[in-house]
Amino acid sequence: MLDIALFRDEPDTIKASERRRGKDPSRVDTVRELDQQWRETRHQLDGLRHEKNTITDTIRAKKQAGEDATEAIAQVAELNSTIENLEEKEATLRSERNDLRYEIGNLVHESVPEGTDENDNIPVKHWEPKDGKKDEAVLGAEILERNNLIESEKAVEVAGERAYYLKGDIVRLAWALQQFAMDLLVERGYMPVQPPYYLNDTPMEAAAELDDFREQLYKLERNDRYLIATAEQPLAALQYDEIIEADDLPLKYAGFSTNFRREAGKHGTQTRGLWRVHQFEKIEQFIFADPADSWEIHAELLENAEDVMQALELPYRVVNVCTGDLGDTAAKKFDIEVWRPPLQEYGEVVSCSNCTSYQGRKLNARIRRPGEENETVHTLNATALVPQRIITAIIENNQTIDGIILPVPLHEYFGKEVIEIQSSD
C-alpha cells in the first residue's frame, strides 16, 4: 500500500495515478477523511491517557498521605470507560482507512502507456532466432494428446477441469527446463529457494494482489491458509515484518514452486493442453532492493528472462504493460510473449514488475541504515520460466518430420536432442 504520508501531503499525485488506472480518485479523499478522524481520535486518547496518569498519581499520593481518594478513583473509572470506547473507535477507523488504502494502487510510472486491457499493451522489442518465426504448426495440445504425453480425460475425471497427468519425455523435459533456468540464475548470484506452497492469511494478504483473493487463490478453509499462485508470494513473505541491513541488499532469490490458480473468468479459454491450467511449476526471480537501485534491477530481471528465451531460441516480443492491465502492486511491468504459430499470435510467458515500496510496506519490510530512520524496502519480481507454457512453445515452434527439436542448452539436462512424435493422424 502507499505511505499514509503521501495521502496527507500529496493527494493530487495519488489521484492522478488512480485516474490513469481508470479508478475513482475520490477514494483518496475518503482515505484522508478517515485518517483525519483517526488522528483526532488518537489525539483525544493521548490527552485522556495523560489525564488518567495524572489522576492516578494523585490517588497514589492521597493514599500515601492517608487522605480520601474516592472522588479521584471515580474519575479514573469514568476515564477508563471513555478510553475503552475511544480505543475501539480508533481501531475501527485505522482498519477502515487501511482497508481502503489497500484498494488504491501503486503510483504508476510515467513511462507506462495508457490503456484499458492487454490489447493496449505496447510492443517495445521483438526477437527471433536465425531461422525466424514459423507460420504453420500443430497446436501443442494436439501433439501431446496424440503421442500419449499427457492424460487429460482421466485427470479431469479424478481431479476436475484443467487437470492433467504429464507422461514420458514431457516429464523429463519439464525437469530439464527447471534445472536449466535455475542454474542460469544461480550462476548470476541468485539464491535458490523452494518455499512453502501455502501461506497463512495475514502474510498472504501482505504479499498478494487484492484481485488474487477475489479471483485466483485457493483457500484452505479449515486452516485459514491459501495455496500460493506464484513463488513471488512466499518469497515476499520471507522478509515479512523484518528489518534488513542496508549492506545486505539486494537480496536475490530464485524460487522454485508448484503453484495453484483458480483461473476464474477464464472458462472456455485454451482449456486443452498445458497453456492455462490450475496447477503448474515456475522458476521465479524475486529481489528485495535498495530504492536507489530498483529501476536498474528491474532491467536486470528482464534481461535474465530474455536470456532464457534466447537460449531456448523461442521467438518473442516484450510489451510495456498498459495502465489497465498493470495490477495494483506494480508501478511498471513488462511482459514477454512467445510466438505461437498454430494460433498466429503471441502468448504471455513472463511478467516482470517493479513494485517499488508498495508491497514492501504491506509486508512491513524495512531497511536499517546507521543513523537514519528505517526505510521501506523495494520489491521486484519476474518469471524466469514456466515449464508448462515453455513446453507448449517448444512443441509449437520446433516441430519437424523427425520430431520436436530440443534447444541446445537442454541437451545436457535431457540426454538427447529430439523427442520423437507422431506429427499427424
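This is a predicted model: local features need pLDDT of at least 70, side-chain atom pairs count only at pLDDT 80 or more; totals for chains, interfaces and linings use all residues.
1. Ground rules. Local features need pLDDT of at least 70 and side-chain atom pairs count only at pLDDT 80 or more, while totals for chains, interfaces and linings use all residues. Residues are numbered from 1 along each chain as its sequence is written, and side-chain values use heavy atoms, with hydrogens and water left out.

2. Overall build. You'll find 14 helices and 19 strands in the protein chain; these are DSSP runs, helices being H or I with at least four residues and strands E with at least two, numbered from the N terminus. The C-alpha atoms fill a box of roughly 105 × 45 × 40 Å along the principal axes.

3. Inside and contacts. Of the 425 residues, 50% are buried (under 20% relative accessible area, 1.4 Å probe, protein chains only). Among contacts (heavy atoms within 4.5 Å) with a separation of 6 or more, 73% join residues 24 or more positions apart.

4. Helix α3. Take a look at residues 26-64: this helix has 39 residues and runs 57 Å from its first C-alpha to its last, close to the 57 Å expected at 1.5 Å a residue (the expected span is 1.5 Å times one less than the number of residues).

5. What α3 packs on. Its buried residues include Val28, Val31, Leu34, Asp35 and Trp38. The buried residues of α3 pack against α1 (4-9), α2 (11-20) and α4 (70-103). An α-helix has 3.6 residues a turn, so residues three or four places apart point the same way.

6. Past the end. Just after α3, glycine 66 has a positive phi of about 75°.
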